[in-house]
Amino acid sequence: MPAETLPPLAPAVPASPKEPTGLFPFRSTLSLEPLIAYWHEREQASNPGVALLARAIGEQVAEQTWCRGPLTDYDVLDCNCDLIETLMLAVFPPASSATDISGAVGPFQRRSFYSTEPFQTVMLNKDRNIKQPLNIDLEAMEKQMGLMAYHLVLHRVYGAELPSLGTIIFTVPDYKVGLYRHYGIDFNSDFVTVRVVGERPVLSDENMETLVHNRHRVELWEELLPAHHFELEGFNIMHLVDVTDQEILSELKYDLLERDVLQTPSRFEQIQEKLRVLFAQPALQLGIAAYDEKKRAFVDFGRKINHSFLTKQVQLQSADSSFRQIYDRLLRERQPLVLKNVATADIPEDLRDHILELGIHSAILALLPYGNDTVGLLELGSPQVDGLDEFELDKVDQFLPLFAVAVKRNAEDLQTRVHAIIREKFTAIHPTMEWRFMDAARNLLAKVEAGNRTAEMEAIVFEDVYPLHGSCDIRSSSTARNEAIQGDLVEHLTLANKVLKKASEYQQLPILDELKFYVTKNLKRLREGLLSGDEANIYDSLSREVEPLFEYLATHNPELRPITAKYWSNIDPKLGILYKRRKDFEASVTMLNDAVSDFLDEEEDKAQQMFPHYFERYNTDGVEYNIFVGGALVQDKPFDLVFLKNLRLWQLLTMVEITRRTAALKEQLPVKLETTQLILIHGQSLSIRFRQDERQFDVDGTYNIRYEIIKKRIDKATVIGTGERLTQPGTIALVYAQSREAVEYYEYIDYLQDRNLLEEGVEELGLEELQGVKGLLALRVRVKL
């Protein structure tokens with residue numbers, strides 16, 4: 001990079017005028033008197049060599065009257081440079097003049113009259129004035145100098161001991177490499193004399209205490225110590241220490257703690273710029289790739305703004321790819337990989353060519369560790385051969401953990417945003433399929449953050465998957481429920497009728513006769529059967545018209561209180577209705593559903609270990625479940641039809657056990673309900689699509705829709721010629737459309753019969769035509785209970 005064109009420093013500092021702002025309040029004059037006084041004291045030194053040198057200097061000073069008193073003409077200093085050199089031996093040791101960054105300036109002024117060569121290079125412009133630091137504007141710098149002068153006054157004139165104001169950091173351009181450096185500045189005021197002009201301002205103990213505890217309030221110092229009462233004479237020594245590494249590491253620490261710092265292009269560029277300063281290489285390239293544990297691969301990070309040398313290679317990687325070799329090497333050695341010369345490095349040839357094409361001739365690749373995990377990869381690249389070598393690893397070790405924490409946190413933030421999209425767009429996601437929804441959410445997030453505010457979620461489709469469907473239905477549950485409701489209504493109306501009849505004996509009211517007529521009429525009709533709407537209408541009439549009257553009668557007729565109390569004792573206090581037979585029915589359904597669901601969930605966990613698959617279960621009057629299995633549903637796991645066969649046998653075994661368990665549970669049920677078991681066989685693979693409007697999966701494609709139609713209607717299937725329901729208690733029915741689909745299941749049935757789980761024999765049945773479906777066949781086997 002040309003020395004004249006420095007990249008912008010971040011954060012940018014507003015341009016400042018180069019002339020003093022007048023904010024420095026003291027009159028200060030350059031003088032060599034304090035230094036001459038120092039040498040005069042040395043004339044009596046116990047060291048003969050020092051004393052001899054001091055006397056020789058004293059003789060020269062005596063001959064040169066210009067060096068006494070205030071110095072305003074800097075040309076005089078330049079013309080008498082030999083004497084200046086001699087005088088400055090007290091401050092600037094010749095042995096360190098080539099390395100020390102030190103210079104002498106008038107008291108808190110900008111012009112340097114003497115300096116080492118490094119100081120001149122780093123801090124002085126052509127006029128020997130101190131350059132304006134890039135990180136501090138002129139106004140702030142003059143205020144800081146004023147505070148330092150006030151502290152000196154309080155110490156020298158009033159004897160106060162004050163802590164240091166702290167190290168000042170100057171950021172200055174380094175034109176040799178076209179970057180910046182940070183320097184800590186030490187101001188030595190040993191050769192500055194403070195003179196009082198006029199009367200010395202009086203400071204009380206309270207004033208002193210106030211100033212000591214308000215060291216940074218310039219206005220307070222100006223009020224208590226007016227600057228016109230003091231004059232500074234002599235010169236300061238400015239000593240610079242290069243603190244670039246410490247400052248950069250400190251800045252990186254705070255930068256990398258910020259949210260999205262690695263995902264915002266401008267912030268990423270600033271991080272790269274700081275690393276360029278740290279390594280003193282203006283063309284250094286930074287690359288970061290995040291590591292996805294689930295995909296077991298490196299991926300583009302965040303909004304894909306990283307300049308990774310290897311990401312393109314990653315996207316094309318196979319098990320034995322060049323990148324995988326490098327990653328395995330890094331993982332095995334647990335040390336950064338240093339490529340001093342990419343052209344001759346021991347790396348795969350295609351990867352070497354790829355890196356060289358990017359103009360990178362030396363590089364460092366380092367895993368980003370977070371605990372025992374790897375969260376990413378950091379890459380540094382230089383266009384110079386040997387630009388990066390083993391000596392740079394000390395620096396890398398210092399900032400590597402910072403990048404690891406930033407990548408981990410940014411990945412977690414990204415994960416949070418992805419999950420927010422999933423919660424908004426989808427229902428709860430089955431773990432087997434979660435990876436696909438995560439990918440879709442990341443893609444949507446990337447589009448939105450790229451400016452596409454109208455982006456929509458991509459379609460979630462899994463092709464070539466095999467379905468399995470099964471159900472354990474409660475036999476005649478609708479009839480049993482209606483009978484329970486009917487029985488409760490009849491008893492409820494009977495109890496109400498008894499109260500009304502008893503009330504008529506004590507009080508003659510026309511309304512009582514009308515209500516008795518209403519109750520008697522409904523009792524007659526209920527004994528003939530329950531019609532749709534009867535339940536709601538009857539309960540509504542009882543609660544609005546009958547029961548308020550009961551409360552009135554009980555209040556005004558003590559004789560009626562026993563019978564009304566008996567009525568209320570039969571009413572459920574929470575529901576406000578008679579709830580006996582239906583309670584028993586619902587308790588029985590719950591016991592059956594819980595038994596089936598708990599067993600099915602337990603066995604399903606085991607089946608997931610065989611091969612991951614999609615599973616959904618839902619309860620009504622019974623339990624139904626759907627299973628989808630196939631290679632498209634999982635990542636990095638090969639699928640074979642043997643897993644499908646295994647799952648089908650597992651399903652049949654599970655249905656056998658469900659049949660046995662529900663049969664054994666019958667005697668414990670308040671209502672003696674029975675279950676029937678059904679399996680739908682579908683030999684062909686199909687596609688499933690997530691329907692965002694319904695928040696659930698459904699089969700995809702016209703041909704596959706037939707599977708859904710069959711699944712919804714076969715529970716009512718009947719046998720051709722007999723009209724008998726296909727599903728019967730104690731049996732398992734297996735429905736299929738093509739004869740070849742049953743061949744596999746004959747083997748399973750034979751196996752289970754041999755294990756004494758099924759009765760001998762298999763019924764082969766044809767099924768009556770269902771709405772829109774015909775030609776279905778079925779096998780039916782009886783379970784040994």
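## The largest nonpolar core

Within the largest nonpolar core, which has 67 residues, the members that touch the most others are L726, I732, L734 and V735; such a core is a set of buried Ala, Val, Leu, Ile, Met, Phe, Trp, Tyr and Cys residues joined through side-chain atoms within 4.5 Å. Helix 21 (residues 641–665) gives the largest share of this core, 8 residues. Apart from this core lies another one of 46 residues, which includes I101, F108, L124 and V157.

When neighbours within four places in sequence are left aside, I732 is in contact (heavy atoms within 4.5 Å) with L652, M655, V656, T659, Q677, I679, L779, R780, V781 and V783.

## Basis of the model

This is a predicted model, in which local features need pLDDT of at least 70 and side-chain atom pairs count only at pLDDT 80 or more, while totals for chains, interfaces and linings use all residues. Residues are numbered from 1 along each chain as its sequence is written, and side-chain values use heavy atoms, with hydrogens and water left out.

Helix 17 covers residues 510–528, and its 19 residues reach 28 Å from the first C-alpha to the last, close to the 27 Å expected at 1.5 Å a residue; helices here are DSSP runs of H or I with at least four residues, numbered from the N terminus. The expected span is 1.5 Å times one less than the number of residues.

Its buried residues (under 20% relative accessible area, with exposed meaning over 50%, for a 1.4 Å probe and protein chains only) are L512, L515, K516, Y518, V519, N522, L523 and L526. Seen down the axis of helix 17, these buried residues fall within an arc of 160 degrees, so they line one face of the helix, the arc being that of the directions from the helix axis to the C-beta atoms. They pack against helix 16 (477–506) and helix 18 (534–556), whereas the face turned away from the buried side carries the exposed residues P510, F517, K524 and E528. Just after helix 17, G529 takes a positive phi of about 145 degrees.

How values were computed. Helices (H or I, at least four residues) and strands (E, at least two) are DSSP runs, numbered from the N terminus.
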